[in-house]
Each structure stands twice: as C-alpha cells, then as structure tokens.
Amino acid sequence: MESSIAVFGISTQIGLLWQQVRQPLLVPFLRIMVFLCLAMSLMLFVEKVYMGIVMCFIKISNRKPENKYKWEPMKKDDLEIGDFAYPMVLVQIPMYNEKEVYQLSIGAACNLSWPADRLIIQVLDDSTNPTIKALVQQECRRWANKGVNIKYEIRENRNGYKAGALKEGMKHSYVKLCDYVAIFDADFQPDSNFLCRTIPFLVHNPQVGLVQARWKFVNSDECMMTRMQEMSLDYHFLVEQEVGCATHAFFGFNGTAGVWRISALNEAGGWKERTTVEDMDLAVRAGLKGWKFVYVADVKVKNELPSTFKAYRYQQHRWSCGPANLFKKMAMEIITNKKVSVWKKLYLVYSFFLVRKIVAHVVTFVFYCVVMPATVVIPEVQVPKWGAVYIPCIITMLNAIGTPRSFHLLVFWVLFENVMSLHRTKATFIGLLDAGRVNEWIVTEKLGDALKTKTPAATKAAIEKKPRITMGERLHVLELMVALYLFFCGWYDFCFGKNSFYIYLLLQGMAFFIAGIGYVGVSVPSS
C-alpha cells in the first residue's frame with residue numbers, strides 16, 4: 001500500500017514538472033525548431049527541383065561533354081613520331097591491406113589500352129600486414145616481367161593516409177615525365193579503353209584540369225543495404241555531378257576513377273592532409289584557380305560497395321565529417337577569391353557545401369526523426385502538411401530517378417536514409433566544430449570475391465558459428481535510443497492521436513532498432 005502511494009506521488013510530481021516546463025519552455029522551443037527545419041526543408045527542396053530542371057534541359061538538348069568540349073581519338077598521324085603522339089600517363093593505385101582486391105585493381109590498370117612506353121603504373125602500398133605487402137609486391141613483379149612499366153612504392157609511415165601516399169608518390173623523379181595522372185582506389189577496375197575515352201578531353205582542351213568517370217557497382221545486389229547505397233550514389237552521379245559539370249564546370253572529385261592534369265594539380269597546391277576528404281579539397285582549390293572539370297557519365301568504372309554495416313558507418317562518417325570540416329576551413333577563401341565569378345562562389349558556398357553537405361544531413365535527422373515525432377507529444381505545435389508530406393515526398397521522388405529498377409524499394413530507402421542521417425548529422429557537427437573524430441580515417445573494408453568463392457554450405461556453416469549478437473560489436477546504442485524514442489511517440493500517437501502518424505513512427509522506430517542490433521548488411525564469416 002505504501003509503495004503504491006509512493007509511486008503515485010512520484011508520477012504526480014513528474015506530471016506537475018511536465019506541465020510547468022511544457023508551456024513556457026518546450027512549446028516555444030519546438031516552434032522555433034519547426035520553423036528552422038521548415039526553412040531548411042525549403043532550401044533542400046529548391047535545390048532538388050533546380051537540379052531536376054537542369055537535368056531535364058541536359059537530356060532534352062543532348063548536352064554531352066563531347067558536344068561541349070573538343071574530343072578526338074588519339075591518333076598516330078606521324079609514323080616517325082609513333083607512340084610519342086600519346087602523352088605520358090601516370091596511374092596511381094593507393095592501397096592499404098587490400099588482400100581481397102589488390103589483384104583486380106592492379107590487373108585492370110596493367111591491361112589499359114595505352115602504349116606501354118607512355119604509361120607508368122604506380123602502386124602506393126601503405127599496408128601494415130607483411131604478408132599482404134609481400135603479395136602486392138609479388139603481383140607487381142609478375143606484371144613487370146610481362147613488360148609493364150609498374151612501380152611498387154612504399155613509405156616509412158602512413159602520415160596523411162591516402163593524401164599522404166598520393167603526395168609522396170608524386171615526388172618520384174619519373175613522375176616529371178608525365179602529363180596526366182589517373183587515380184584508382186584498390187577496388188576499382190577500369191575498362192581497357194578508359195584512358196582512350198578520357199585523356200582526349202585533357203589533350204584537346206587546355207582549360208580542363210579534371211575528367212571524372214562514373215562508378216559502376218559490381219555488388220549492388222548483394223544485400224538490401226547495397227541496393228540502398230546504389231540508389232543514393234546513382235542520384236549523386238546521374239544528377240549532382242552532371243548538373244555541376246553543365247552549369248559551372250565544377251563538381252567534387254570522387255577521389256578515384258578520374259584523371260588529373262598534373263599542372264592543374266600542382267597549381268592548386270597538390271594533395272593536402274588537413275581533412276579526410278583530400279579529393280574534394282583538391283577539387284575546390286583547383287576550381288578556385290579557374291580550372292574546368294568534365295564529367296563523363298558514359299565512362300563507367302567497376303567498384304565495390306561496402307556490404308557490412310560497420311564498414312558503411314565508417315565510410316559515411318568520413319564522407320559527412322570531411323566536407324563540413326573543409327567548408328569551415330575554406331569558406332572565407334572561397335568568398336574572397338578573385339579568379340572565379342560571383343555565381344560560382346555562390347554555387348560553392350550555398351549549393352555545393354551548405355545545402356548538400358550540411359543542411360541535407362541535419363534536416364533529415366532533426367526534422368523527421370526528432371522534431372516531427374515530438375509534435376505528437378506536444379500537439380500545440382503543428383507542422384503544416386506541405387512541410388510534413390508534400391515536400392519530403394517530392395524530394396524522395398526526385399532522388400529515386402537515378403535508379404528506376406529500385407523504385408519499389410523507395411519506402412525502405414527512406415527508412416534506411418533516415419537511420420544513416422543520425423551518423424551523418426553527428427559527423428557533420430564533429431566536422432564543423434573540429435572535434436573528436438574529425439580526422440579519423442578508417443579504410444573501407446572490401447570483400448572482393450571472398451564471399452563468392454566459398455561454397456554455400458561452408459559459408460552457411462561459418463555464419464552459423466558466429467554469435468548472433470556480440471556486445472560492443474553488433475549493438476549500436478544511439479540507434480537503439482532513437483528507436484525507443486520513436487516507439488514511445490508512435491505508441492502515444494496510437495493511443496491519443498487523431499491521425500495515422502504512428503504508422504510512420506513505428507516503421508521508422510523498427511528501422512532504427514534493426515540497425516541498432518546490427519541486422520543490416522552481410523555478416524562476414526570469421527576466418
């Protein structure tokens with residue numbers, strides 16, 4: 001009896017406290033948050049619609065790079081000159097303990113159709129595993145015995161990670177012989193005609209500093225998570241890169257599957273190690289020097305998507321934290337630049353950085369996973385239908401145009417993207433505040449053909465032997481906390497609400513819960 005009275009007294013006190021802080025504090029604060037989120041939603045909406053309109057114009061007018069820039073195939077017009085009609089090209093392949101994929105990338109680079117005496121393959125091996133190091137060196141030696149001009153380069157430390165390796169690679173004396181440098185990450189496999197299709201843009205257009213190709217994902221059907229990634233990245237390559245190239249001859253270098261004019265790279269200051277997005281850093285600096293970029297969507301380079309949730313989380317942290325940190329460091333440099341037009345500076349600061357790299361992440365998580373659910377518990381604050389339904393629906397449909405084959409997975413993509421927005425938002429603020437893991441660089445794990453080469457029975461047995469949930473490895477506390485919050489809001493709306501908003505809340509809560517217990521992506525068997 002006494003315990004019941006005590007519990008009743010505590011609940012009464014909590015109720016009184018809730019009433020005291022609700023009206024004077026929580027309601028005004030939530031109204032401010034709704035206003036800010038609606039403003040950010042409008043910014044993102046306008047940006048998406050603008051890019052959609054530009055893409056329609058590009059398709060209708062058939063504005064391909066070959067029509068805008070001079071492009072002619074490489075020819076040996078003078079028999080006396082012979083192969084010297086081809087420029088010297090350096091191909092850099094940075095790698096770090098890439099046991100599963102090193103043969104694929106090295107083999108693809110060595111099979112590029114280009115005169116052997118006009119091509120240098122440079123393998124930049126930062127591996128710390130001596131066994132893998134020996135395997136990579138042996139592979140390079142094997143191709144060298146076939147007559148390929150391949151260089152195996154190592155360094156004493158991993159300072160600067162990928163940027164440091166690329167920077168060190170450019171210091172070798174033989175690089176001075178080269179006019180252009182093509183860069184491929186360890187899991188990228190260019191077709192043999194890659195250089196023949198990209199180099200002419202640089203040869204015939206002296207104002208062009210970079211040619212970027214599109215990524216083609218070899219494992220997009222491996223699991224639901226890779227299908228979701230394909231939808232997001234296809235939009236990036238089919239819309240964002242295309243629009244940047246068509247409107248301002250600028251876009252972010254993707255760090256791989258691209259060819260740089262070495263003089264442009266050097267004029268921009270070379271590789272810098274100040275952020276984890278060295279590729280974007282270089283692209284912005286080169287763009288501010290007046291160099292133009294060409295995006296060639298028809299040239300596709302095969303590569304692998306991260307198929308484990310752990311690898312994908314690390315990758316998304318780097319891809320979200322890095323741009324925010326770079327924006328903080330370069331905003332004033334962009335604004336005060338004298339070489340580019342005001343419109344290009346506005347595009348860089350507002351569209352490229354603010355809306356796409358910061359607002360897009362923050363509004364997705366804060367608005368749809370925190371603020372809107374809170375209005376269920378505090379019904380005095382209302383979100384207008386245009387902000388709660390119409391704008392997000394249109395944005396979602398515009399994002400889906402990149403991957404028509406996955407249109408039926410649109411609901412799952414929305415739920416998954418909202419889950420990942422938690423990490424992207426966290427990483428964005430880490431980058432803006434220069435805090436914590438701002439310079440964390442963890443190489444994205446690649447599986448290569450590891451899963452495909454094992455027999456189904458062996459793979460199944462290996463997976464079954466692995467514990468279902470390992471504390472600290474599989475449980476993700478942040479996702480579970482958000483899941484509990486959404487479940488509570490969904491339950492509250494189901495019991496006391498006057499609409500069906502609880503359907504979304506419970507589905508989104510379930511998505512966070514599934515991610516929280518680690519049931520996303522593939523489970524890699526222990527070796």
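**Close-up 1. Strand β2 in a predicted model**. All seven of the seven residues of β2 (residues 119-125) are buried, so the strand is largely enclosed by the rest of the structure. Leu-119, Ile-121, Val-123 and Asp-125 point one way from β2, and Ile-120, Gln-122 and Leu-124 point the other way. Both sets of side chains are buried.

**Close-up 2. Pairing of β2 with strands β1 and β3**. Strand β1 (residues 89-95) pairs with β2 in the parallel sense, over seven bridges. Within this pairing, Met-95 has Asp-125 of β2 as its bridge partner. Strand β3 (residues 150-153) also runs parallel to β2, and four bridges join them. Here the bridge partner of Val-123 is Tyr-152 in β3.

**Close-up 3. Crossovers through helices α3 and α4**. A right-handed β-α-β unit is made by β1, helix α3 (residues 102-110) and β2. From β2 the chain crosses through helix α4 (residues 130-145) to β3. This β-α-β crossover is right-handed as well.

**Close-up 4. The largest nonpolar core and the surroundings of Ile-106**. The core has 150 residues, and those with the most contacts inside it are Val-91, Ile-106 and Trp-260. Helix α11 (residues 342-377) supplies the largest share of this core, 20 residues. Leaving out residues up to four places away in sequence, Ile-106 touches Ile-93, Met-95, Val-123, Val-136, Glu-139, Cys-140, Trp-143 and Ile-150.

**Close-up 5. Arg-285 in helix α9**. Helix α9 spans residues 278-288 and contains Arg-285. With a relative accessible area of 4%, Arg-285 falls under the 20% cut-off and is therefore buried. The side chain of Arg-285 reaches the backbone oxygen of Gly-270 at 2.9 Å. A polar contact of 2.8 Å also joins the side chain of Arg-285 to that of Asp-281. Not counting residues up to four places away in sequence, Arg-285 touches Ala-268, Gly-269, Gly-270, Trp-271, Lys-272, Arg-274, Met-330 and Glu-333.

**Close-up 6. Helix α12**. This helix (residues 385-400) has 16 residues. From its first C-alpha to its last, α12 reaches 22 Å, close to the 22 Å expected at 1.5 Å a residue. The buried residues in α12 are Gly-387, Ile-391, Pro-392, Ile-395, Thr-396, Asn-399 and Ala-400.

**Close-up 7. Positive phi at Asn-62 and Ala-249**. Asn-62 is not a glycine, yet has a positive phi of about 55 degrees. Asn-62 is placed in the loop between α1 (2-61) and α2 (65-68). Its relative accessible area is 44%, between the cut-offs of 20% and 50%, so Asn-62 is partly exposed. Ala-249, a residue other than glycine, has a positive phi near 50 degrees. The loop that holds Ala-249 lies between α7 (224-248) and β6 (258-261). Ala-249 has a relative accessible area of 6%, under the 20% cut-off, and is therefore buried.

Methods:
Residues numbered from 1 in each chain as written. Predicted model: local features only at pLDDT ≥ 70, side-chain atom pairs only at ≥ 80, totals over all residues. Heavy atoms only, no water. Core = buried A, V, L, I, M, F, W, Y, C linked by side-chain atoms within 4.5 Å. Buried < 20%, exposed > 50% of the residue type's maximum accessible area, 1.4 Å probe, protein only. Helix = DSSP H or I, 4+ residues; strand = E, 2+ residues; numbered from the N terminus. Contact = heavy atoms within 4.5 Å. Pairing = 2+ DSSP bridges. Right-handed = clockwise from strand over helix to strand, strands pointing away. Polar contact = N/O pair within 3.5 Å; in protein donor to acceptor, adjacent residues only side chain to side chain. Expected span 1.5 Å × (residues − 1).
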